[in-house]
Amino acid sequence: MPFRKFSLILPAILVAGACTNTGANYQPIVDGPIGPNYNVDLQQCQQLAASQATVDGSTAGNAALGAAGAAATTAIIQDSSDNLGRAAVAGALLGAGADAYSKNQNKEVLVRNCMRGRGYNVVG
């Protein structure tokens with residue numbers, strides 16, 4: 001039963017990353033006039049951000065680090081190998097989820113910077 005709870009963490013984080021106004025779907029707050037090309041510019045900047053991978057080699061590396069860290073911590077704290085597998089899976093899911101969340105935040109930054117590069121006064 002605990003394994004099921006942990007196996008839902010990564011999909012939940014990835015679903016949260018697909019929510020409106022986050023990641024590549026981010027719509028920045030612009031101070032000042034918005035010209036007639038705003039929607040086209042925003043769409044192009046969002047497409048640029050969406051072209052960046054959410055899951056890649058660093059995600060696998062972070063999953064491995066999370067698995068090793070959680071398994072080692074469990075072994076030290078419990079002084080037994082009974083729950084090492086569960087701890088490793090939980091750590092891997094948390095490591096991969098944290099990496100995906102970080103990449104989602106980077107996509108927002110990319111949209112902001114792209115819009116600033118197109119002359120908009122992005123404040124948030």
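How many disulfides does the count come to by the distance rule? I get 1 disulfide, the rule being a pair of cysteine sulfur atoms within 2.5 Å.

Ground rules before going on. I'm working on a predicted model, where local features need pLDDT of at least 70, side-chain atom pairs count only at pLDDT 80 or more, and totals for chains, interfaces and linings use all residues. I number residues from 1 along each chain as its sequence is written, and side-chain values use heavy atoms, with hydrogens and water left out.

**The disulfide**

I found C45 joined to C114, with 2.1 Å between the sulfur atoms. The pair ties together parts 69 residues apart in sequence, because C45 lies in helix α3 (residues 38-50) and C114 in helix α5. My helices are DSSP runs (H or I, at least four residues), numbered from the N terminus. I read -70° about the S-S bond, which makes the link of C45 and C114 left-handed.

Buried or exposed, I asked of C45? C45 counts as buried at 0% relative accessibility, and C114 also counts as buried, at 14%. My cut-offs: buried is under 20% relative accessible area, exposed is over 50%, and partly exposed is in between (1.4 Å probe, protein chains only).

Q46 is buried, with a relative accessible area of 17%. I see its side chain reaching the backbone oxygen of N25 at 3.3 Å. Leaving aside neighbours within four places in sequence, I list A24, N25, Y26, Q27 and V111 in contact with Q46, contact being heavy atoms within 4.5 Å.

On α5 I picked V109, which counts as partly exposed at 36% relative accessibility. I have V109 and A49 at 8.8 Å, C-alpha to C-alpha, though 60 residues apart in sequence.

**α4 against α5**

I took helix α4 (residues 57-78) with helix α5 (residues 84-117): their axes come within 6 Å and cross at roughly 145°. Those axes are lines fitted to C-alpha atoms over the stretch in contact, with angles from 0 to 180 degrees between N-to-C directions. From α4, the contact residues include S58, N62, G66, A70 and T74, and from α5 they include L84, A88, G91, D99 and K103. By class I get 10 nonpolar, 7 polar and 2 charged residues. For that tally, Ala, Val, Leu, Ile, Met, Phe, Trp, Tyr, Cys and Pro are nonpolar, Asp, Glu, Lys and Arg are charged, and the others, Gly among them, are polar.

Definitions and conventions: Helices (H or I, at least four residues) and strands (E, at least two) are DSSP runs, numbered from the N terminus. A polar contact is a pair of N or O atoms within 3.5 Å; within protein, one must be able to donate a hydrogen and the other to accept it, and residues adjacent in sequence count only if both atoms are side-chain atoms.
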